[in-house]
Amino acid sequence: MPHTHWDREWYLPFQAFRMRLVEVLDRFLPQLGQDPAFDRFLLDGQMAVVDDYLELRPEAAPVLRRLADEGRLAMGPWYILMDEFLVSGETIIRDLQLGLERAESFGGAMGVGYLPDMFGHIAQMPQLLRLAGFEHAVVWRGVPAAVDRSAFWWQAPDGSTVRAEYLLTGYGNGAAMPQSGEALVRRLDAYLAEVDTFALAPDAPVLWMNGTDHQAPQPWLGAVLSEANESQDRYQFSVSSLPEYLDKAPAEGLASWRGELRSGARANLLMGVGSNRVDIKIAAARTERALERVAEPLCALWLPTDQW
């Protein structure tokens with residue numbers, strides 16, 4: 001599954017990353033429209049990436065809309081991929097609402113609760129996803145050692161349940177796509193040996209996430225997949241989307257987990273983010289509370305309904 005994971009600000013400032021985003025999409029969008037090997041691409045599950053690009057390239061909006069309408073480009077459902085433990089519950093709900101609303105102008109959001117790199121997950125996430133009409137989540141960090149499959153049933157305290165696809169080694173297991181079919185087969189053999197303890201179903205599809213942080217799409221993808229398919233018959237490689245993959249993914253014999261996902265058993269949760277730049281976190285929390293508990297209730301009480 002070709003994709004990119006886009007931190008809006010990390011080891012470089014926001015505008016530096018945005019310029020890189022513009023360079024990547026300026027090169028890639030024409031290819032996405034012409035190369036049949038890239039008939040699917042995931043733009044990281046957050047609509048902010050789209051808006052950040054369109055603010056500098058507004059003329060590209062019809063191209064993005066056409067690619068999304070054709071099912072080639074997946075967007076949303078979130079507006080940003082937030083840290084679930086550093087914002088309020090209302091902020092998470094508004095984030096999802098805003099992402100779904102923004103994606104509507106491009107034909108609709110991807111119908112999957114894509115949560116690839118959050119530093120753990122709140123207990124109520126399955127409940128929020130079900131209320132939004134989603135049946136699937138995709139997660140990585142925080143999954144406990146008790147889960148021994150590549151997917152599990154994830155249940156919120158109210159009983160709401162989604163099927164959670166577990167990215168066993170992260171969202172970049174297929175990031176470094178080799179430039180020959182033979183090398184790709186060897187890479188997949190090594191990956192399956194690495195995750196053998198998860199007892200994957202014999203004929204179940206394998207999710208090969210071809211992308212990682214700020215990675216540009218690799219133009220040799222189609223040629224390598226064709227070469228790999230022609231050179232052997234043990235594997236059949238194809239480009240897919242998350243919804244298409246999840247439709248075929250096994251749902252029998254899965255473990256169940258109830259509540260939050262905050263285990264460091266297999267992936268670092270980077271808990272240092274909780275104590276970094278505390279002044280900013282305090283200011284953000286005060287702003288959230290001022291909006292949620294003061295400004296909006298007063299608006300609801302005093303403004304006419306057509307202005308609230």
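Residues are numbered from 1 along each chain as its sequence is written. Because the model is predicted, local features require a pLDDT of at least 70 and side-chain atom pairs count only at pLDDT 80 or more, whereas totals for chains, interfaces and linings use all residues, and side-chain values use heavy atoms, with hydrogens and water left out.

The secondary structure of the protein chain consists of nine helices and seven strands, taken as DSSP runs numbered from the N terminus (helices are H or I with at least four residues, strands are E with at least two). Along the principal axes, the C-alpha atoms of the protein chain occupy a box of roughly 70 × 50 × 35 Å. Of the 308 residues, 46% are buried, where buried denotes under 20% relative accessible area, exposed over 50% and partly exposed in between (1.4 Å probe, protein chains only). Among contacts with a separation of 6 or more, 76% join residues 24 or more positions apart, a contact being heavy atoms within 4.5 Å. The accessible surface of the protein chain amounts to about 15200 Å², with 53% belonging to carbon and sulfur atoms, as computed by the Shrake-Rupley method with a 1.4 Å probe; for residues, only the protein chains shown count as cover.

The largest pocket holds about 1200 Å³ of space. On a 1 Å grid over the protein atoms alone, a pocket is an open set of points where a 1.4 Å probe fits, with protein on both sides within 12 Å along at least five of seven lines, and lining residues have an atom within 4 Å of a point. The lining of the largest pocket comprises 27 residues, with D7, E9, L81, D83 and F119 nearest its centre. Helix 9 (residues 278–302) gives the largest share of this lining, three residues, and by class the lining has 15 nonpolar, three polar and nine charged residues. In the second largest pocket, the space comes to about 1100 Å³. This second largest pocket is lined by 49 residues, of which A204, P205, V206, L207 and Y245 are the closest to its centre. At least two residues of its lining come from each of strand 6 (161–166), helix 6 (181–194), helix 7 (221–231) and helix 8 (242–248).

Several local backbone features were also identified. The peptide bond from G76 to P77 is cis, with omega near 15°, and P77 lies in the loop between strand 2 (73–74) and helix 4 (89–104). D44, a residue other than glycine, has a positive phi near 70°; D44 is placed in the loop between strand 1 (41–42) and helix 2 (47–56) and is buried, with a relative accessible area of 0%. For R277, also other than glycine, phi is positive and near 50°. R277 is found in the loop between strand 7 (255–258) and helix 9, and counts as partly exposed at 47% relative accessibility.

Within helix 2, V49 is buried, with a relative accessible area of 1%. Leaving aside neighbours within four places in sequence, V49 contacts W6, L21 and L43.

Definitions and conventions:
Points joined across faces, edges and corners; volume = space filled by probe spheres on them. Nonpolar A, V, L, I, M, F, W, Y, C, P; charged D, E, K, R; others polar.
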